[in-house]
Amino acid sequence: MEIYTLKNLSFAYPNGATDALKSINLSVKSGEFVLLCGKSGCGKTTLLRLLKSSLSPFGNLSGEIMYNNLPLGEVDAKVQATEIGFVLQNPDNQIVTDKVWHELAFGLESLGLETPEIRTRVSEMASFFGIQNWFYQNTNQLSGGQKQLLNLASVMVMHPEVLILDEPTSQLDPISASEFLKTLKKINDEFGTTIILTEHRLDEAFALSSRVIVMDNGEIIADDTPQNVGKSLTEKNHPMSRALPVPMRVFGKLSNTYPLTIRDGKLELLEYSKTHNIDKNLIPQDNEPIKTVPVIEIKDAYFRYDKALPDAVKGLNLTVNKGEFFTILGGNGTGKTTAISLISGLLKPQRGKILINGKPISKADSLYDGLLGVLPQNPQCLFAKKSVYLDLMDITDKKLPEAVREKQVMDIVTLCHIETLLESHPYDLSGGEQQRTALAMVLLKSPQILILDEPTKGMDAHFKQIFASILESLKISGVTILMVSHDIEFCAEFSDRCALFFDGNITSIGTPRKFFCGNSFYTTSANRMARKLLPNAILASDIILASGGKPEEKQESDGPVYPQKTVQKPAPKKTQKSDKRLSKRTFLGILSILIMVPLTILFGTYFLGDRKYYFISLLIILETLLPFFMAFEKRKPKAREVVIISVLCTLAVVGRTAFFMLPEFKPVVALVIISGICFGGETGFLVGSMTAFVSNFIFGQGPWTPWQMYALGIIGFASGILFRKDTFLKTKVFLSVFGFLVTLVLYGVIMNTASVLMVTTVPTADMLKTAYIMGFPVDMIHAISSAFFLWFLSEPMIEKLERVKIKYGLIR
């Protein structure tokens, strides 16, 4: 029985140049273990997220997605939450509580299960996954492997029918990754749970899967058993053939057979050696690194994050020479990242010395301006602009002419093969694309020392070869490279020296061949497979050469790799003119806000004597919600749409409360204006009226509450209507002036009029005139505060909210 059926599925992101998915036809049977692989940016993550409605990206979708013979959109949200489990790439992004036991119970609590059943399921799942020993620990104290295992257990406790995993081992060390994948196989075998997995490291995942699907440029190019897919990719010499398990790569070249596991490859090699000559002397030897001037020296360094915690780095000694490519390997939590944080000056050792070019790091001149270049483990912390091109331009020297800066950017864009990404928002890129973009930003500074923390994370095998050639060209130019990595195969093939980090110190060090041949477990797949016949083999190419085969071709960095156009500065996007016609719900909003709400307030003033202000306030809220919810007349509201409005209301309430000590100097009007501009007049009125109503539970309810609700609401509504028609510019100067005027005139007039009507129902001109004059100083302070907050908040908030609105297709 098919658990998923996809028919002619195509998908394009908003403003996307091409379709992310193109006519995908696919069915997944219940109980299958499906491996989905392909180059970075080929559409794997997009496809996986479309398989669960709550995670589906916003864009233009065509075709059908059927789940258990029902359209996915018609499957109840609770059923999807229970039956479709999803494990994200970054384990930290999925953990929501502070304790392990609470994380396991969180999903079941959200479904409303009874406490006894929750305890039974949690204890059962903790025992199955071996979590008992750290059941009561804080989640922030767990290693990367433990966090990802916890995420898996938290999903499995829901008893899902299908488990979807998006590169779950990308941040794990090899041993933790292996254990994680074996757990997936155990789940598949013992529970019959359908597994859909994306991976870049295919050595073990290939052998565990019952079916492999390969994607390229948004299309499926292979869908078969692992052996048949391996054969197809090898015969086509497809770039993905470099990612195949070592046994398949070796014997695909030697005998056109495709063993999946190290065990099968070892047996195949023994049989092959009986009929063919295998000469270990054909394996190239490592060149002993030439000792040059030391550029990085660590002498007896110690560091701990807190006095009560053990040392993260213990008596570390390390020397890295000029022009050397030095790699550090080791398990999660052994201190690798802490060590490079000390070298890059982000942390200071409590004992010991860190020398850069023979000088203490504290005395180094222009540390990050041409001396050190640091690529962090999370590349997103380098991104600050709304497009890749702007981020790259921001890194260049602003003193140079713009033409020179653009030339520098375009050269590095070509080098890192990110030509098609220039107009994209950095956060919209895949993991591998983000790594390449971050690398380009670091290289723009032309550093003498390049420090890389897990740079191959999320990179496909094809680009790893290009990345290696980039590093080689940097080495030739004299750049020193220090890299921390879990990628054993990459380190073995390209580094000059390798070191193993354990318990805060380096336990072994040597050239790649000496280093990996001396390890029993922390070594390459090729070494484990050929150790008996070829003890010095550490690469697939070593075995192929020794067996008389033709080695695999290496991908060079010069020249575009993917089909691309000539690199040029992205043209400014043409701003699409907004539809100036008002919608039916906007006309209803005008009717409600300009007629019904004022009549409701006046009814309360004249007929209820201002005594039923709670009742009047609730009537206003209901009248406000009517046009707002008309936006959902053809569909159900999404949780993210309601959440963003709730957040804006919360910010306004908190802002009013935070500045309680400054009378009338509040950010409320500024936030209401921003809400209306970004999400329309109906939303602006809702945010304004709800802010007044809720915040008055703190500041005091009274007959003034309905008036404040209307005054703030009408400002939000007017902002949405005026800026919808593109009548005004969304610059901080204009918005500050606009905020000043509407606060002084609109809010001031309404509230000053209200102050009279709350005293008498028969106001005179003199009464109103006196109220306006007496209220002017207060109104002026309020107006100045609105202009002040709009000056600082408007542009960054509008930019972020517009991005959120476009990315997730939120209400306008």
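# Sheets and helices in a predicted model

Visitor: Let's begin with β6. How many bridges join it to β7, and in which sense do they run?
Guide: This is a predicted model. In it, strand β6 (residues 84-87) is joined to β7 by 4 bridges, and the two run parallel. Phe86 stands opposite Ile164 of β7.

Visitor: What pairs with β7 besides that?
Guide: Strand β8 (residues 194-198) pairs with β7 in the parallel sense, over 5 bridges. Ile196 in β8 is the bridge partner of Ile164.

Visitor: Is β7 covered or open?
Guide: Mostly covered: 5 of the 5 residues in β7 (residues 162-166) are buried.

Visitor: Which way do the β7 residues point?
Guide: Val162, Ile164 and Asp166 point one way, Leu163 and Leu165 the other way, and all are buried. In a regular strand, side chains alternate between the two faces of the sheet.

Visitor: Which elements do the buried residues of α6 pack against?
Guide: They pack against β3 (33-38), α4 (115-129), α5 (144-156), β7, β8 and α7 (202-208). The buried residues themselves are Ala177, Ser178, Phe180, Leu181, Thr183, Leu184, Ile187 and Asn188.

Visitor: What span should α6 have, and what does it have?
Guide: Helix α6 (residues 174-191) has 18 residues, which at 1.5 Å a residue should span 26 Å; the end C-alpha atoms are 25 Å apart, which agrees.

Visitor: What follows α6?
Guide: Gly192, with a positive phi near 70°.

Visitor: Switching topic. In what order do the strands of the 6-stranded sheet come?
Guide: The order is β16-β17-β18-β13-β19-β20; the sheet is open and its pairing is mixed.

Visitor: Which strands stand at the edges, and why is one side of each left without a neighbour?
Guide: β16 (372-375) and β20 (505-510) stand at the edges; each has a single partner strand, so one side of each lacks a neighbour in the sheet. From one strand to the next, the twist averages 15°.

Visitor: How do β13 and β18 pair?
Guide: Strand β13 (residues 325-329) pairs with strand β18 (residues 480-484) in the parallel sense, over 4 bridges. Ile328 stands opposite Val484 in β18.

Visitor: Where does α15 lie?
Guide: Helix α15 (residues 431-443) lies across β16 and β17 (449-453) and runs at about 170° to β16.

Visitor: How many of its residues are buried?
Guide: In α15, 12 of the 13 residues are buried, so the helix is largely enclosed by the rest of the structure. Among the buried ones are Glu433, Arg436, Leu439, Met441 and Leu443.

Visitor: What covers them?
Guide: The cover for the buried residues of α15 includes β16, α13 (388-395), α14 (402-416), β17 and α16 (461-476).

Visitor: And what length does α15 reach?
Guide: From its first C-alpha to its last, α15 reaches 18 Å, close to the 18 Å expected for 13 residues at 1.5 Å a residue.

Visitor: Last topic. At what angle do α9 and α10 pack?
Guide: Helix α9 (residues 246-254) and helix α10 (residues 262-275) pack at about 30°, with axes 9 Å apart. Angles under 35 degrees count as roughly parallel, and that makes α9 roughly parallel to α10.

Visitor: Which residues make the contact?
Guide: On α9 they are Pro247, Phe251 and Leu254; on α10 they are Ile262, Gly265, Glu268, Leu269 and Tyr272.

Visitor: Left-handed or right-handed crossing?
Guide: The crossing of α9 past α10 is left-handed.

Terms used: Residues are numbered from 1 along each chain as its sequence is written. This is a predicted model: local features need pLDDT of at least 70, side-chain atom pairs count only at pLDDT 80 or more; totals for chains, interfaces and linings use all residues. Side-chain values use heavy atoms; hydrogens and water are left out. Two strands pair if DSSP finds at least two bridges between them. Axes are lines fitted to C-alpha atoms, for helices over the stretch in contact, and angles run from 0 to 180 degrees between N-to-C directions. Contact means heavy atoms within 4.5 Å. The expected span of a helix is 1.5 Å times one less than its number of residues. Buried means under 20% relative accessible area, exposed over 50%, partly exposed in between (1.4 Å probe, protein chains only). Angles under 35 degrees count as roughly parallel, over 145 as roughly antiparallel, 65 to 115 as roughly perpendicular and the rest as oblique. A crossing is left-handed if the near helix is turned anticlockwise from the far one by less than a right angle, and right-handed if clockwise.
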